[in-house]
Amino acid sequence: MSNYYCVQILGLKPAASGADLEALLRARVVEMGRWITGVQRFSLMRTKTPGGEAVHYLMTLTFESQQAYIYWRQVEEEAHAYWPQLASVLQRCEQISTLLAEYEGTMLLQEELNSDA
């Protein structure tokens with residue numbers, strides 16, 4: 001079984017702080033690690049839009065399987081009822097950022113390149 005990925009592109013809402021969002025996303029991952037098995041890796045990249053007028057965040061989550069991804073989605077949907085700490089983090093993320101796009105799927109090709117060759 002191969003890894004499964006979720007990529008989210010987030011934009012800051014007006015007057016929101018990038019540092020606040022970055023800290024919240026780290027807290028989200030820590031809380032996810034407490035409740036969700038199968039999350040293998042988290043990465044976050046700060047990007048600028050063409051022309052540099054806005055900052056976006058590209059968040060990638062790597063799961064051990066599609067089933068782990070499905071469970072992660074379920075936990076996030078049920079967080080407001082069952083996991084108050086995670087719900088608090090998710091709510092604050094929604095207050096300061098907007099989900100611009102989201103993609104999920106399996107990796108088709110990933111090569112390690114050696115620059116010494």
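What percentage of the 117 residues of the protein chain count as buried? The answer is 35%. Keep in mind that this is a predicted model.

Figure 1. Start at the N terminus and follow the elements along: they run β-α-β-β-α-α-β. The C-alpha atoms fill a box of roughly 50 × 40 × 20 Å, taken along the principal axes. Now look at who touches whom. Among contacts with a separation of 6 or more, 74% come from residues 24 or more positions apart.

**Figure 2. Helix 1 and the residues it buries.** Helix 1 has 18 residues, and at 1.5 Å a residue they should span 26 Å; the end C-alpha atoms are 26 Å apart, so the two values agree. At its N-terminal end sits a cap, Ser17, with a side-chain oxygen 3.2 Å from the backbone nitrogen of Ala19. The buried residues of helix 1 include Leu21, Leu24, Leu25 and Val29, but also Glu22, Arg28 and Glu31. What do the buried residues of helix 1 pack against? Their partners are strand 1, strand 2, strand 3, strand 4, helix 2 and helix 3.

**Figure 3. Helix 2 and its bend at Glu76.** Here the helix covers residues 66-82, and its 17 residues should span 24 Å at 1.5 Å a residue; with end C-alpha atoms 23 Å apart, that agrees. Find Glu76 and you'll find a bend of about 35 degrees. Glu76 is also one of the buried residues of helix 2, along with Ala68, Tyr69, Trp72, Val75 and Ala79. An α-helix has 3.6 residues a turn, so residues three or four places apart point the same way. The cover over the buried residues of helix 2 includes strand 1, helix 1, strand 3, helix 3 and strand 4.

**Figure 4. The largest pocket, with a volume of about 310 Å³.** Its lining is made of 15 residues, and those nearest the centre are Gln8, Arg28, Glu76, Leu90 and Glu94. You've already met two of these names: Arg28 is buried in helix 1, and Glu76 is where helix 2 bends. Strand 1, helix 1, helix 2, helix 3 and strand 4 each give at least two residues to the lining.

**Figure 5. A closer look at Ser97 in strand 4.** Is Ser97 buried or exposed? Its relative accessibility is 8%, which is under the 20% cut-off, so Ser97 counts as buried. The side chain of Ser97 reaches the backbone oxygen of Cys93 at 2.7 Å. Beyond its neighbours within four places in sequence, Ser97 is in contact with Leu10, Gly11, Leu12, Lys13 and Leu21.

Terms used:
Residues numbered from 1 in each chain as written. Predicted model: local features only at pLDDT ≥ 70, side-chain atom pairs only at ≥ 80, totals over all residues. Heavy atoms only, no water. Helix = DSSP H or I, 4+ residues; strand = E, 2+ residues; numbered from the N terminus. Expected span 1.5 Å × (residues − 1). Bend = angle between axes of the 7 residues up to and from the residue. Buried < 20%, exposed > 50% of the residue type's maximum accessible area, 1.4 Å probe, protein only. Contact = heavy atoms within 4.5 Å. Polar contact = N/O pair within 3.5 Å; in protein donor to acceptor, adjacent residues only side chain to side chain. 1 Å grid on protein atoms, 1.4 Å probe; cavity = no way out; pocket = protein on both sides within 12 Å on 5 of 7 lines; lining within 4 Å. Points joined across faces, edges and corners; volume = space filled by probe spheres on them.
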